[in-house]
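Let's take a walk through a protein model together.

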Amino acid sequence: MVDYPPAVVPRWLKLAFTLWILVWAPSYVVLLGAQNFFWLCNVASFLLLVALWAEHRTLMSMQWLAVALVGSLWTFDVATAALTGVHPIGGTEYMFDPEHPPMARAMSLYHVVLPLVAGIGVAKLGYARRALLWQTLLTWVVVPLTYLFTEAERNINWVHGPFGQTQETLDPLLYLFLLTLLWPLAVYLPVHLLMIGWQRWRR
């Protein structure tokens, strides 16, 4: 008889997140189309599901890098806009667009939940330093594919301009190249350095 090690990540979290994916994924296909899954946060949702069940420390850490800062800024922008009518960051205007499907707007609130789920996962499994490298490589694959296979007007992953706005200042391919460099530096690296500091403090 095989003696399996006890689970580290709570089973209730695995089941709850699985149920969410089973509802969210087909709903998004119907409401917004499959292209919407090119968003890095949506890619993170599927990989986070795998990381939860596999209890894979590196994969979990990668998703923490992907959603911690982005989810926090998204929440801050939506909350501020709801209270003041002003978007201090931008990119979440669709949440207040009456032409955007109400159900899709409601389901976008998962941006608030993803950092919590990934955070619990990292707290249970620990943070893997190599996550920065692997998440960067994943981004360098997903962002160019987004440019090639999604409609320009969707501006998924901001491949046609920052904060959801189209840019015309730079050559499109130069902008795309700079975006692939900036994303890991501006989004992943700050969280990575914070986690390294946290690990050192715990020691």
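Leucine 48 is buried, because its relative accessible area is 1% (buried means under 20% relative accessible area, exposed over 50% and partly exposed in between, with a 1.4 Å probe and protein chains only). You will find leucine 48 in helix 2; helices here are DSSP runs of H or I with at least four residues, numbered from the N terminus. This is a predicted model, in which local features need pLDDT of at least 70 and side-chain atom pairs count only at pLDDT 80 or more, while totals for chains, interfaces and linings use all residues. Residues are numbered from 1 along each chain as its sequence is written, and side-chain values use heavy atoms, with hydrogens and water left out.

What does leucine 48 touch, not counting residues up to four places away in sequence? Its partners are Phe17, Met60, Gln63, Leu114, Val117 and Ala118, where contact means heavy atoms within 4.5 Å. Now look for methionine 195, which is 147 residues apart from leucine 48 along the chain. The C-alpha atoms of the two are separated by 18 Å.

Next, step back to the largest nonpolar core, which has 48 residues. Such a core is a set of buried Ala, Val, Leu, Ile, Met, Phe, Trp, Tyr and Cys residues joined through side-chain atoms within 4.5 Å. Phe17, Trp24, Leu48, Leu52, Trp64 and Tyr127 have the most contacts inside this core. Among the elements that give two or more residues to the core are helix 1 (11-32), helix 2 (40-54) and helix 7 (172-202). Helix 7 gives the most, with nine residues. Tyrosine 127 is in contact with His192, Met195, Ile196 and Gln199, among others, leaving aside its neighbours within four places in sequence.

How do the helices pack? Helix 2 and helix 6 meet at an angle of about 125°, with their axes 11 Å apart; axes are lines fitted to C-alpha atoms, for helices over the stretch in contact, and angles run from 0 to 180 degrees between N-to-C directions. The two helices are therefore oblique to each other (under 35 degrees counts as roughly parallel, over 145 as roughly antiparallel, 65 to 115 as roughly perpendicular and the rest as oblique). Leu40, Val43 and Leu47 of helix 2 make the contact with Leu138, Thr139, Val142 and Val143 of helix 6.

Helix 6 also crosses helix 3, at roughly 65°, and their axes come within 9 Å. Among the residues of that contact are Ser61 and Leu65 of helix 3 and Leu132 and Leu138 of helix 6.
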